[in-house]
Amino acid sequence: MSNIQKNSTKVVTGVVRLSYAKVWEPVSVNGGTPKYSVSLIIPKSDTKTIEAINAAIDNAIKAGIGKFGGKIPNKVALKLPLRDGDVERDDEAYQNSYFVNANSPTAPQIVDRTVQPILDRNEVYSGCYARVSINFYAFNSNGNKGIACGLGNIQKVKDGEQLGGKSSAVDDFSSEIDDSFDDFLS
């Protein structure tokens, strides 16, 4: 399912899990430009997506050579977007996975398995599974050099347990109301 063209900085992932999904409304961090964002949890077993991401990062380093003073820097000196969930996150959802944080100032197109637009904001959330188009690009800002990940579009492929500990109204309430409620109203 993953694909990348030669020398491309764009990747369409295999099936990943969405976390910290801010895909319906842009959010400003520390007063910055509001952006749509999501953390993509990628199973370590999805070697095709991991290889495509690593190739796209290498291509972004080459394409962004101007940001690095005209020389290709050592990757160890750069801030890279592909991170190890076992090392960097104390969260069960990130175990045995890598993750990439992607963002964009423009809204992603969000579609279902048949590529039809999803309009119900409850359909795409932290915990659901999706394929996501992402692109990598070089940055050099205030002495920080690296490769960032831009958010493209999202194709939801299946539901998953919601992340973040938030329960649904169906889980919290029943349709039956205790008789003591009537006493309270009188």
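The report below treats strand pairing and then the cysteines.

This is a predicted model, in which local features need pLDDT of at least 70, side-chain atom pairs count only at pLDDT 80 or more, and totals for chains, interfaces and linings use all residues. Residues are numbered from 1 along each chain as its sequence is written, and side-chain values use heavy atoms, with hydrogens and water left out.

**Strand pairing**

Strands are DSSP runs of E with at least two residues, numbered from the N terminus; two of them pair if DSSP finds at least two bridges between them. Strand β3 (residues 35-43) runs antiparallel to strand β2 (residues 16-27), with 5 bridges joining the two. Within this pairing, Val-27 has Lys-35 of β3 as its bridge partner. β3 also pairs with strand β5 (residues 97-104), again in the antiparallel sense, over 8 bridges. Here Ser-39 is bridged to Asn-101 of β5, and Pro-43 lies opposite Ser-97 of β5. Strand β4 (residues 83-84) is antiparallel to β5 and is joined to β5 by 2 bridges; Asp-84 has Tyr-98 of β5 as its bridge partner.

**Cysteines**

A disulfide is a covalent bond between the sulfur atoms of two cysteines. Taking a disulfide as a pair of cysteine sulfur atoms within 2.5 Å, a search of the whole structure finds 0 disulfides.

| Residue | Relative accessibility | Class |
|---|---|---|
| Cys-128 | 0% | buried |
| Cys-149 | 3% | buried |

Conventions. Helix = DSSP H or I, 4+ residues; strand = E, 2+ residues; numbered from the N terminus. Buried < 20%, exposed > 50% of the residue type's maximum accessible area, 1.4 Å probe, protein only.
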